[in-house]
Protein chains: 2
Amino acid sequence: MNVDRILQGTEPSALVSRLGREHVADIVEFLNSKSVEEATEIIAHMPLAWGVEVLDQPPFRNACEVIEALPEDKAAAFLEGMSSDRVADVLRWIEEPKKSALREALPQDVRAAIDHLLTYPENTAGALMTTEFVSVPSDWSVKQTLDHIREVERTRETVYAIFVLHPASRRLTNVVTLRRLIFGGPDDGILTVAQPYAPITVAPNADSEDVARTIRKYDLLAVPVVDTTGHILGIVTVDDVIDSIITEQTEEVQRMGGMEAIDAPYLDIGFFQMIKKRAGWLCVLFLSEMLTTSAMQVFSDELEKAIVLALFIPLVMSSGGNSGSQATSLIIRALALQEVRLRDWWRVAVRELPTGIVLGAILGVIGVIRIAVWQEAGIFDYGEYWKLLAVTIGAALIGIVTFGSMAGSLLPFALKRLGFDPATASAPFIATLVDVTGIVIYFSVAWLFLHGTIL
Amino acid sequence: MNVDRILQGTEPSALVSRLGREHVADIVEFLNSKSVEEATEIIAHMPLAWGVEVLDQPPFRNACEVIEALPEDKAAAFLEGMSSDRVADVLRWIEEPKKSALREALPQDVRAAIDHLLTYPENTAGALMTTEFVSVPSDWSVKQTLDHIREVERTRETVYAIFVLHPASRRLTNVVTLRRLIFGGPDDGILTVAQPYAPITVAPNADSEDVARTIRKYDLLAVPVVDTTGHILGIVTVDDVIDSIITEQTEEVQRMGGMEAIDAPYLDIGFFQMIKKRAGWLCVLFLSEMLTTSAMQVFSDELEKAIVLALFIPLVMSSGGNSGSQATSLIIRALALQEVRLRDWWRVAVRELPTGIVLGAILGVIGVIRIAVWQEAGIFDYGEYWKLLAVTIGAALIGIVTFGSMAGSLLPFALKRLGFDPATASAPFIATLVDVTGIVIYFSVAWLFLHGTIL
């Protein structure tokens, strides 16, 4: 994997021959560290089959740019060899008129397959699937099937799952795994080694999370994508699913952090694109948070009378935000793993209410102790009514932490119900929501306990 | 998958026969919805091979409890049939003296394999691996290998990767995939169909994230775990890796949300365990956030003179927290995907400085406009020096957002450097850090602009 040392050969052709003994994943890693121009030149010098293998790897980041930069006939030759799901992915990002030109250069059948894949929205089974799978009619023998696999193996993404079709209707009837196939006698019918249960399938519009869940639940190496008439359109393989799980995970964390998801490595994103991805949510949150100023303006008379109340505002409010952020992250994952469904929202609410009260009470006691110690030790003078102030802080903490836990746990349900990703901007969103409500709770509690004394 | 309907048969034996036609994953889902007692009774009525298959599924949550509840001879029979990695996982959680009793009941060779697996710490390749793989000496022919696979297939987790050992030293020399094996002539040597490059391997102490990264990078179905002498100890399969990716993802999100990771579904956790997992970090954050009160006590004279400053404290501070939470979530993922290494911290800092300044300036401009509009429209009177106040808010926002972005991006590096998961409590942690520092920045900026007027 010390591909970097190979760099010493400056001639692309010399470089290519030295790369020859490396694993394709290492070559991709190496090319990812090069500029588009260098990568294009290296790939242009590769034998066709090898260049196809490199371009076929989803982790190769500059595939679109390289295809665009290559001479058109060379690009078309590579595209023809690549797997159809990958070609569709690449073409999706190439601009017109180049896109049409490349499409036209492909043979009729490949073009039809790719046009079909391009009709599925991103992140659906249809867009993730490849059309290169092995299927045989159910009246074939084990030997016929094995011969067929040997013939087409090179051009198929996986041969470990073989899809058995009804000979007349061509509907998917059974699945045979290669590990079971090699048990069959040569002249046995293929159905003698088929799995005993109905094929596990997904619909073309299933989203990538559902596909991942199905593959994970049934420990599959590939899941067939089947239309409503029972015909198999393609397969999604386990490696595509892992890539999509990792991508979703990154997007989830970024959304939770309160920004638009970005689809490139941190150091590769341009400065202005970075600002664009972050400024949007930041401004939305800032505008919402302005409500805290408005709320405080309402209570400015109380503030003027009891300036000591201001000292605890950040402390009390942040505790609500923190408990809300805990509850939110718990529910985001529980929803993602389907441990909890949309209809379970009230079961969650019923749990979070006592949880919030207990957590708030724990913090409340600490807060009261803090004030008492500072007062008695003479570190700070909270005034004549410091005991009432301490009770105010304690009670406000119970109210705000409870509100934070409730709001934090229910926000992901609300976002999901409205059709958003439950992770969207959740932590900062909750903090903002709790800040605004927290001020109202805080001053209301203060009025209750301190009215007639310092208020 | 309408397993629930099967429930109508109340006799466990009748139930078992009705479950017969379901996929094992669906049976597991069904058993997960039952109590330990019910699950135990159903499994006790299953034929041995079938019970083994169910207990072998990692998603089956009550496997330990069921094994504990079964009569000892029955439990031992099931354990003997199960795959060694799963047995080790189950035994790990069973208490003494039951654990030793079950262990003693296993045949010598199985016991040795499991004892060995139990020596590896959780979340390492050694703990994830299974010892049920296919290996053959390199002087075997294709036919010998195929016959061997047919013989052992039932007891192997995967037969899609075949590991070729040196006939004398038994060191791992090559890997053959089943899809290539079926191409070989029966009398060809096994090496004629071997992969052309050195086997991709992991060390037994590699952590599960590294294993996942290797499997993903090289699109493997299984990766061999090899010790320092070059001997293969076991294999980690792609389905185990997917499970471990999903678990890590859940823990990452929960840590980011500022709580200890929990390893059970949300609705299954007991009330007091939930409090325990959340109260710890909540108290730590509360105690840190108390510094905001201390900081504000220092500035209490300024506050008394210019109560108007208090109105903007939540707004200004939360903006720092939000920008910090964006930066943190970006870097957590970039570190997890190894897009950024520990040594790249200064490259990140150099990027976040201008990003923070621009984002702060955008919010600053909005803040200034807000004050001007409210003042001019007569919604609120910020006093004679409102223009200076507006400049103060704008400048403080630039300072605090910049500080938030810098601190947020560098915190994951610091946590990682100290040996923690970079996701640990990051969003609330950053909010707290920025709150405390934000108060100091805010009042310093205020003093700079307002000294001699209202301060």
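Tutor: What follows describes the interface of chain B and chain A, and then some individual residues.

This is a predicted model, in which local features need pLDDT of at least 70 and side-chain atom pairs count only at pLDDT 80 or more, while totals for chains, interfaces and linings use all residues. Residues are numbered from 1 along each chain as its sequence is written, chains are lettered from A and ligands numbered from 1 in the order in which they are written, and side-chain values use heavy atoms, with hydrogens and water left out.

The size of an interface is often given as the accessible area lost when the parts come together. Here chain B and chain A bury about 11,200 Å² between them, 66% of it on carbon and sulfur atoms; buried area is the accessible area (1.4 Å probe) that two parts lose on being put together, summed over both. Of the area that chain B buries against chain A, 8% is supplied by Arg179(B), Tyr266(B) and Arg351(B), more than by any other three residues. Counted by contact (heavy atoms within 4.5 Å), 117 residues of chain B meet 118 residues of chain A.

Polar contacts link 52 residue pairs between chain B and chain A, both residues being at pLDDT 80 or more. A polar contact is a pair of N or O atoms within 3.5 Å; within protein, one must be able to donate a hydrogen and the other to accept it, and residues adjacent in sequence count only if both atoms are side-chain atoms. On the side of chain B that touches chain A, helix H15 (residues 271-298) of chain B gives the largest share, 18 residues. Helices (H or I, at least four residues) and strands (E, at least two) are DSSP runs, numbered from the N terminus. By residue type, that side of chain B divides into 65 nonpolar, 26 polar and 26 charged. In this grouping Ala, Val, Leu, Ile, Met, Phe, Trp, Tyr, Cys and Pro are nonpolar, Asp, Glu, Lys and Arg are charged, and the others, Gly among them, are polar.

The interface also holds 12 salt bridges, each a side-chain nitrogen of Lys or Arg within 4 Å of a carboxyl oxygen of Asp or Glu. A salt bridge joins the side chains of Arg216(A) and Asp243(B), at 2.9 Å from N to O.

Glu153(B) sits in the loop between helix H11 (142-152) and E2 of chain B. Not counting residues up to four places away in sequence, Glu153(B) touches Arg179(A), Arg180(A), Phe183(A) and Val159(B). Glu153(B) counts as buried because its relative accessibility is 3%; buried means under 20% relative accessible area, exposed over 50%, and partly exposed in between (1.4 Å probe, protein chains only). In chain A, Arg154(A) lies in the loop between helix H11 (142-152) and strand E2 (161-165), and counts as exposed because its relative accessibility is 70%.

Some backbone details remain. Most residues other than glycine have a negative phi, and most peptide bonds are trans. Arg170(B), however, has a positive phi near 60°; this residue is in the loop between strand E2 (161-165) and strand E3 (172-177) of chain B. The peptide bond from Glu96(B) to Pro97(B) is cis, with omega about 5°, and Pro97(B) lies in the loop between helix H7 (84-93) and helix H8 (98-105) of chain B. In chain A, the bond from Glu96(A) to Pro97(A) is cis, with omega near 5°.
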